[in-house]
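Keep the structure in view as you read.

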Amino acid sequence: MKRTLFRNQLLPWLLLAPQLAITFIFFLWPAAQAVRQSFLRQDAFGINTTFVGLSNFQALWNSPEYLNSLQVTAVFAVLVTVLSMGFALLLAVAVDRMIRSTSVYTTLLVWPYAVAPAVAGILWWFIFNPTIGVMPYFLDAIGYDWNHISSKTDAMTLVVIASAWKQISYNFLFFVAGLQSVPASLREAAAIDGAGPVRRFFDITVPLLSPTTFFLLVVNIVYAMFDTFGVIDATTEGGPAQATNILVYKVYFDGFVGQNMGSSAAQSVILMLTVIALTVVQFRYVEKKVAY
């Protein structure tokens with residue numbers, strides 16, 4: 001392992017300064033301000049501010065709307081993670097088995113990742129629009145009356161599909177890289193021993209993909225809880241009847257629409273701590289089952 005020695009002790013800090021400045025300005029400082037704001041109560045005009053301690057947090061735990069948002073977020077995050085990773089792995093296996101046109105196939109599957117979340121939401125909103133959409137027309141032909149404006153199940157289905165579709169490309173790239181790193185000699189040896197394709201996949205490929213799967217599990221949970229705001233805002237705006245009002249959208253709605261800055265800050269702090277706790281649990285317990 002090579003080591004770099006700097007004659008001037010100030011030089012390493014100068015090289016790190018831009019990244020440290022970005023981290024402080026865009027991450028640490030806003031997080032500190034959110035923690036500070038969560039202990040305050042402020043009027044809509046920002047003139048009078050009162051220290052209220054933990055009252056904002058206590059009000060959240062006594063709020064049926066917030067508890068519903070917690071449940072909706074949990075269901076939404078699990079569905080998006082399972083769906084996006086499952087389809088990505090299926091597509092990656094298909095690419096890994098192809099001999100020709102692999103690069104073209106991969107390029108076409110990567111394109112959706114370049115689409116902004118809000119654009120992805122609007123795209124699927126048009127596809128599933130009860131009036132002009134294509135999918136409701138086909139669903140009506142088989143006897144299903146689709147309407148995500150009034151149906152909670154349809155609304156959740158819409159945002160899950162839109163969010164998972166946006167993330168499949170990202171997962172696909174890592175799964176393809178992971179599959180290509182699996183030694184072909186192991187598969188060939190298992191095939192010689194009489195193991196079929198399904199058994200080779202679950203006994204050899206899946207264990208060797210565990211580091212990639214673990215990494216994507218963490219990334220996808222964070223994505224579902226934070227980066228899907230644009231999808232929710234462009235499709236359902238948290239409705240109908242709070243059926244798709246996930247935590248990150250509720251933080252925005254209560255803070256910027258309802259002008260309840262203290263409650264919004266308290267929600268953002270809880271959301272931040274929840275994601276940190278989930279990440280720690282994953283690295284503490286789930287990572288033990290990962291074979292590096």
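Start in helix H12 (residues 247–257), where Tyr252 and Phe256 sit four residues apart, about one turn of the helix. Helices here are DSSP runs of H or I with at least four residues, strands are runs of E with at least two, and both are numbered from the N terminus.

This is a predicted model: local features need pLDDT of at least 70, side-chain atom pairs need pLDDT 80 or more, and totals for chains, interfaces and linings use all residues. Residues are numbered from 1 along each chain as its sequence is written, and side-chain values use heavy atoms, without hydrogens or water.

Now the rings. Rings of Phe, Tyr and Trp (its six-membered ring) pair if their centres lie within 6.5 Å; planes under 30 degrees apart are stacked, over 60 edge-to-face, and the rest tilted. By this rule there are 16 aromatic pairs. Trp125 and Phe126 make an edge-to-face pair, 5.0 Å centre to centre with 80 degrees between the planes. Tyr252 and Phe256 are stacked, because their centres lie 5.9 Å apart and their planes meet at 25 degrees. Tyr113, Tyr170, Phe174 and Phe215 form one aromatic cluster.

How covered are these rings? Buried means under 20% relative accessible area, exposed over 50%, and partly exposed in between (1.4 Å probe, protein chains only). Trp125 is partly exposed at 27%. Phe126 is partly exposed at 42%. Tyr252 has 28%, so Tyr252 is partly exposed. Phe256 reaches 62% and counts as exposed.

Finally, the whole chain. The protein has 13 helices and two strands. Of its 292 residues, 35% count as buried.
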